[in-house]
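Here are a few quick notes for you to read alongside the model. Have it open as you go through the points.

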Amino acid sequence: MIRLFAPSSPAYLRVVRASAWYDLVITAGFATPWTYALLHRALSSLGSTLGLGVLPALDPIQTLYANLMGSVVVVWALLRIIQPLPVHGLADGVARTLFAMWQAYALANGAFRLLWAFFVIEVVFGLVQLLPWWQSRRTNPLDELARPTARRE
């Protein structure tokens, strides 16, 4: 990584914001029971058309967990859109690493194969947000957090 892509650089903050927009667009449909039912049907139809399987039948617990995940991710995405900070990229990179691990676990256990597309995106955004922190580890990582950043609108 070149130094221009340090966690406090404008390019890095654009990545933080881009990952937030991706999250908002992809997970907004999970945030309510009504939108999740529509999204569930659409994803199952797409998976069936592509020969990647279908989602299990909707049930109240699955809907609850989808809504919890969707609600939290929408709020987290809005925070990163409104105020992208280096520490938000670090936290998002860690969260994406965890999420990708659980997606890999699900895929290894026979989950809906359309999940592979989401898994790849999680890994890419996670790496792009974590690698600059790894690269800057030769210095004190807290220096990156302490550096003021210009707010971009």
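**Helix packing and a buried charge cluster**

1. The cover over the buried residues of α3 includes α1 (10-27), α2 (33-49) and α4; cover here goes by contact, meaning heavy atoms within 4.5 Å. Helices are DSSP runs of H or I, at least four residues, numbered from the N terminus. Buried means under 20% relative accessible area, exposed over 50%, partly exposed in between (1.4 Å probe, protein chains only). Among the buried residues of α3 are Asn67, Gly70 and Arg80.

2. Before going further: this is a predicted model, where local features need pLDDT of at least 70 and side-chain atom pairs count only at pLDDT 80 or more, while totals for chains, interfaces and linings use all residues. Residues are numbered from 1 along each chain as its sequence is written, and side-chain values use heavy atoms, with hydrogens and water left out.

3. Have a look at Arg96. It forms a salt bridge (side-chain nitrogen of Lys or Arg within 4 Å of a carboxyl oxygen of Asp or Glu) with Asp23, the closest N and O atoms being 2.7 Å apart. Arg96 sits in helix α4 and Asp23 in helix α1, so the pair ties together parts 73 residues apart in sequence. Both are buried.

4. Arg96 also has a salt bridge with Asp92 (2.7 Å, N to O), four residues away in helix α4, about one turn.

5. Glu122 forms a salt bridge with Arg96 too, at 3.1 Å between the closest N and O atoms. Shared partners join Asp23, Arg80, Asp92, Arg96 and Glu122 into one network.

Methods:
Helices (H or I, at least four residues) and strands (E, at least two) are DSSP runs, numbered from the N terminus.
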